[in-house]
Amino acid sequence: MNSCIGVDLHLRNATLCHRVKGRERSLRTLELHSAEWHAYWKSIPTGTDVFVEMSRTTWWFARWVQEQGHHAHVIDPTRSRAMAAGLPKTDRCDVRWLAEMGAKGVLNEVYVIQPETERLREFVRHRALWMRDQTRIKNRIHYQLAREQRRCPHRSVFTQKGLRWLEEQELCQPYARSLENHRMHFDYVHQAVEQTTERLLSTRTDPRVLALLLSIPGIGELTARTLLAEIETIHRFADPEKLISYAGLAPRVRQSSGMGRRGALTKRGSVWLRTALVESAQIAVRRPNQFQKIFRRVSFRRGRNVGIIAAAHRLIEVIWHVWSKDVLYLEPVSPGKESGMYKLPAATGLCLACLLERPNFDCRAQVR
């Protein structure tokens, strides 16, 4: 590439190194959105390749660079820093190294999502954060009631009857005031969760992919939209193992001299996707299906948590096959013990066109 720029981006300024035909042309530090900043980018020829490491301030810059007519390349910082081991760790050295290695095409790039997917992802994560706050407040209310030996006579404190019972409770000071604050906070957060959920469900998504995901046990409307937001397109992953690794559910592997050892989960990748898959697996194992069989077989030997992870692994495989092959999920035939085949097929399916012709078709009821 004839022209490329390495960028070390910060909250208020950025260091930029411009290389043209393998030679350094300029190296400077500019304040973001200043007159000098805009003048600098106007002097750069259109179509320049811009390399920047991924961080919390990266995505607006990548979009802005593309709007200016350049090509944005977001680099994986963990791999780039490992490659640059031994070099001085300064802003100027970093951008020089980014520009030089970017021109040679040896840097590992991060997938850049589309603007529509980014908006959907923001709705999904915003709702997840509200749900965490709601769970935290519920735990505080339970703690206040437990220390005063108050037990709700209804199914839950947070049903309509339970909330009315909660308003009638009179605790000694200062616990009464604390409980009142928690209850008012819960009302506010619960209303925010309801509004965010409504906005998320009204967001436009691909109806074909949504119908495919909803045919899988354990996946509902919210989880399907979470998968769409975090994965965007299944063609990013060549096989289910790549998707498992992206979700952070792959075990750590150490091999040397023909001997290998598997450790704990890597937990690298999208934590939002990993949470959604584990929660879906917990729902899927409640009914008789292939996920429940895997869960029971593994949990009997290694405990419930490992069984849920094993079910989540199979769920990812099913998602990959259903989505990539554009077929609806059907429960596979369970092989008999006499066949010696204990591994169930990942998924069988019905073409989505059949669903469009038969809108009342219930794929989950068609168990072979």
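Modeller: Happy to; I will start with the salt bridges and then turn to a hairpin and some loops.

A word on the basis first: the model is predicted, so local features are used only at pLDDT of at least 70 and side-chain atom pairs only at pLDDT 80 or more, while totals for chains, interfaces and linings take in all residues. Numbering runs from 1 along each chain as its sequence is written, and side-chain values rest on heavy atoms, with hydrogens and water left out.

Searching the whole structure gives 15 salt bridges (a side-chain nitrogen of Lys or Arg within 4 Å of a carboxyl oxygen of Asp or Glu). One of them joins E118 to R63, with N and O 2.5 Å apart. Because E118 belongs to helix 5 (residues 115-147) and R63 to helix 2 (residues 58-67), this pair ties together parts 55 residues apart in sequence. Helices here are DSSP runs of H or I with at least four residues, strands are runs of E with at least two, and both are numbered from the N terminus. E118 is partly exposed at 25% relative accessibility, and R63 is also partly exposed, at 33%. For these words, buried is under 20% relative accessible area, exposed is over 50%, and partly exposed lies in between, using a 1.4 Å probe and protein chains only.

Next comes helix 7, where D187 and R183 are 4 residues apart and so are separated by about one helical turn. Their salt bridge has its closest N and O atoms 3.7 Å apart. R183 is buried, with a relative accessible area of 15%, whereas D187 is partly exposed at 36%.

A further salt bridge brings R208 and D326 together at 2.6 Å, N to O. This one links distant parts of the chain, 118 residues apart: R208 sits in helix 8 (residues 207-214), and D326 in the loop between helix 13 (304-325) and strand 8 (327-330). R208 is partly exposed at 36%, as is D326 at 27%. Back at the D187 and R183 pair, shared partners join E167, E180, R183 and D187 into one network of salt bridges.

Now for the backbone. Strand 2 (residues 13-20) and strand 3 (residues 23-31) pair in the antiparallel sense over 8 bridges; pairing calls for at least two DSSP bridges between the strands. Across this pairing, A14 stands opposite L30 in strand 3. The hairpin has 2 residues between its strands, and K21 takes a positive phi near 55 degrees there. A14 also gives a reference point for W37 of helix 1: their C-alpha atoms are separated by 9.3 Å, and the two are 23 residues apart along the chain. W37 is buried, at 0% relative accessibility.

H33, in the loop between strand 3 and helix 1 (35-42), has phi near 65 degrees and is partly exposed at 48%. K267, in the loop between strand 7 and helix 11, has phi near 55 degrees and is exposed at 58%. That loop also holds R268, which is exposed at 51%.

Finally, the peptide bond from Q173 to P174 is cis, with omega near 0 degrees. P174 is found in the loop between helix 6 (160-167) and helix 7 (175-201).
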